[in-house]
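Colleague: I have just opened the file and would like to go through it with you. Could you take my questions one at a time?
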Amino acid sequence: MLDEKQFAADPPAHSAGDGAGVRRILDHGVASGRLTHVERLPERAGRRVPWPGWVPADVMKAFAQVGIPGPWAHQAEAAGLAHSGHNVIMATGTASGKSVGYLVPALAAIGEGATALYLAPTRALAADQLALVRSLGEHLRPSLRAAVVDSDTPAAERMRARKHATYLLTTPDMLHYGLLPQHRRWDGFFRRLTYVIVDECHGYRGVFGSHVAQVLRRLRRVAEHHRRTGDLRFILASATISEPERCAELLTGLTVEAITADTAPRGPMTFGMWEPPLTGLRGEAGAPLRRSAVAEAADLLADLVLEGTPSLAFIRSRRGAEAAAAVAKTKLVEAGAGDLAQRVAAYRSGYLPQERRELEQALRSGAITALAATPALELGVDITGLDAVLIAGWPGTRAALWQQAGRAGRAGRDSVAILIARDDPLDTYLVHHPEALLHRPVEATVLDPANPYILAPHLCAAAAELPLSSSDLTLFGQAASGVVADLARAGTLRERAGFWHLTGLRRAPLTGLRGAGGISVRIVEEATGRLIGTMDEPSAHLMAHTGAVYPHQGEPYLVRRLDLDEGVALVEASDPGYVTSARELTEIEIAAEHRRADWGGAAVHFGEVLVRRQVVAFTRRQPETGQPIGDEALDLPARALRTRAVWWTISPSQRENLADSGIHLAGAAHAAEHAAIGLMPLVAACDRWDVGGVSMDIHPQTGRLTIFVYDGHDGGAGFAERGFLAATQWLRATSLAIADCECTAGCPSCIQSPKCGNGNQPLSKPGSLALLDRLLAGAT
Ligand SMILES: [Zn+2]
Ligand SMILES: [Zn+2]
């Protein structure tokens, strides 16, 4: 079965549906005032071109046999650039057929004795790609021999892949743990390696992206060592991102050409922004609560099913997706259409390829009309050409938004994609400021391969693979020589005859690529020994401390004991009738200021900081209202973090001015900090959980009112720097988001934060607006 999403062939035919469902939800949104903005995206015709002259006849024939008569213009252009020796990144929309762009040059080279390496961010996607390549391989034997190698591949199969594979599919993790450390065994493959394909490369951002960038540099060095002919070329495929060349260069360390014009056809689409109404209920500190995006999505799904409209809802959590499907079914039964309830299904990650194919088939045949899915669906499921896509909550980046919305739309018929706001400052801002989302480039991918905390373990791994020469250090970037000197001082590396060798630490475990590499804590049910889950140690301090009520997949667990030495939290399934929130003290010290922009009396700074955090107590609260019912002290060690931060200060006279007008300064700074963290994903492709914040009326070092936002990973991940560079845009949006919220004293849609270590106290909404006003008055 061929994957149309990858190839951008003609979309599948759906069951009936005459656009009534699309009209119905748009009418409902306008009538109820929930639809805050509507944008029409016109239909676009595709542009096919002939195969370039260098494409071998058997490759053209193989594509023809799987239903691809010829390439779209952008596919041909990307393939041509790669074939002529350039590194290429294709940054085009969902269903634009990027795989033709990379497969054509790779298959042509394989026909002449080369090999190609394909990297996917997940094993599931690698497995899907294998099926895709094998469908072509049936027409291209014997040169095309594809194999997946991951940590589960049995030894015999791995050996067969080493001997015979010409198209090897794997993940960056397997490259890091398996292929590179054992590169000598893979000599036969590396010596003919011509193309490295990096698929879904927009996913390589932040700390993970920085690790992958170093793995790719190690790959370049190892391939160089074995290769006998020609140059190694990279072909990267990405969702639409801004500055794709820059992203590709950060990842590979090479000059890369970008293809961004999408010439695949697209159906017309209406894009809408939807704000759920206030419920009349009150939350923490009496804040008004908004109806949840999941509840709204469930209602809309039921309406769409009633009209027979093929629909997909993206819900962020697995529990949310299951709840949305269940509620939609109940609504259908209540509406007297119980027979339609079976046409609603939930999808989550972890499905086997066969199950995914069955689901695709059910949607195509109409056996399923509506699917509620987690974003895990984005990987490896071929569902496009739907009539309606609902996106419950901002998916984090404009790139992800358009990727999800792109599942809707088919030539010649109306479709709709709707972003439903969650109770969150960024979502609130976006539904009231569609211009921040539409008609502007999607964000750049943020990564920082020069972070010494990330660089050091990869330089050690590289030295173990092949001793490092000084010219190798250039490959790893400017920061490498300093890091190597530090490693030599620590006795980890030793110089001999102009090469750096790894000393006795060869057996030291390789660093993990996904996350800061810290210790994780296991959550274990005390009575049965059952493993409930794991979390990183800083999160365990906050959420799984002794006495915490820890919700896991909707079930409350009471933490009996957190044992950090053993790395375990012992819990029991129990609902004590309250919830808990941890109280954390945070101190921040400025280690070095690297950059500064003066905004009149105010200023924005960027530099290195030391953050010291300690969870000192927790509060038991009423589950419905969040009212405190008692505090308990905790004895947990402080955690230190050396990272990068952006911070703002105002002048003493500006501060005095605010105080004179009766503003609670600490509350104003704290509220501005929360909202700014909530809005940060607008300028840096991060999650609000990737960064932390501290605010102070008077910081001992600056002597001024200061608000810090710092990268939550050792050494930093590039987010704070991005915040510094886009500070004006970022803080303007923050101020507008707070002003737009209809609450009076602050709520989760504006200044309250779900991760506050101070129980959202003190917070001043009017104060935060006045403070941001002062700051921005002199902004450049
Ligand atoms: Zn509010
Ligand atoms: Zn806070």
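Modeller: Let us start with helix 22, which is mostly covered, 14 of its 15 residues being buried. Please keep in mind that this is a predicted model.

Colleague: How far does helix 22 reach from its first C-alpha to its last?

Modeller: Helix 22 reaches 21 Å, close to the 21 Å expected at 1.5 Å a residue.

Colleague: Which protein donors does the zinc ion (ligand 2) have?

Modeller: They are His670 (NE2), His674 (NE2) and Cys756 (SG), which lie 2.0 to 2.3 Å from the zinc ion (ligand 2). Histidine 670 belongs to helix 22 (residues 665-679), whereas cysteine 756 sits in the loop between helix 24 (727-740) and helix 25 (765-777), so this pair ties together parts that are 86 residues apart in sequence.

Colleague: Is histidine 670 buried or exposed? And cysteine 756, buried or exposed?

Modeller: Histidine 670 has a relative accessible area of 5% and is buried. Cysteine 756 is buried as well, at 14%. The cut-off for buried is under 20% relative accessible area.

Colleague: What coordinates the zinc ion (ligand 1)?

Modeller: The zinc ion (ligand 1) is coordinated by Cys741 (SG), Cys743 (SG), Cys747 (SG) and Cys750 (SG), at 2.2 to 2.4 Å. Along the chain, these donors follow the spacing C-x1-C-x3-C-x2-C. Among them, cysteine 743 and cysteine 747 are both buried.

Colleague: What is the geometry of that site, the one of the zinc ion (ligand 1)?

Modeller: The site is tetrahedral, with angles of 96 to 120 degrees among the 4 donor atoms. For reference, the ideal angle for four tetrahedral donors is 109.5 degrees.

Colleague: Changing topic, how many aromatic pairs are there?

Modeller: The count comes to 10 aromatic pairs. In one of them, tyrosine 102 and tyrosine 118, the ring centres are 6.0 Å apart and the planes stand at 45 degrees, so the pair is tilted. Tyrosine 102 lies in helix 5 (residues 98-110) and tyrosine 118 in strand 3 (residues 115-119), so the pair ties together parts that are 16 residues apart in sequence. Both tyrosine 102 and tyrosine 118 are buried.

Colleague: Which residues form one aromatic cluster with Tyr102?

Modeller: Tyr118 and Tyr167 form one aromatic cluster with Tyr102.

Colleague: Which arginine lies over the face of tryptophan 72?

Modeller: Arginine 48 does, at 3.9 Å from the ring centre. Arginine 162 lies over the face of tryptophan 186, at 5.8 Å from the ring centre.

Colleague: Finally, where is aspartate 563?

Modeller: Aspartate 563 is in strand 22 (residues 555-563). Aspartate 563 counts as buried because its relative accessibility is 18%. Its side chain is joined to that of arginine 561 by a polar contact of 3.4 Å.

Notes:
Residues numbered from 1 in each chain as written. Chains lettered and ligands numbered in written order. Predicted model: local features only at pLDDT ≥ 70, side-chain atom pairs only at ≥ 80, totals over all residues. Heavy atoms only, no water. Helix = DSSP H or I, 4+ residues; strand = E, 2+ residues; numbered from the N terminus. Buried < 20%, exposed > 50% of the residue type's maximum accessible area, 1.4 Å probe, protein only. Polar contact = N/O pair within 3.5 Å; in protein donor to acceptor, adjacent residues only side chain to side chain. Donors = N, O, S within 2.8 Å, 3.2 Å for Na, K, Ca; no water. Tetrahedral: all angles 85-135°; square planar, octahedral: opposite > 155°, others 65-115°. Expected span 1.5 Å × (residues − 1). Phe/Tyr/Trp six-rings, centres within 6.5 Å; stacked < 30°, edge-to-face > 60°. Lys NZ or Arg CZ within 6 Å of the ring centre and 35° of its normal.
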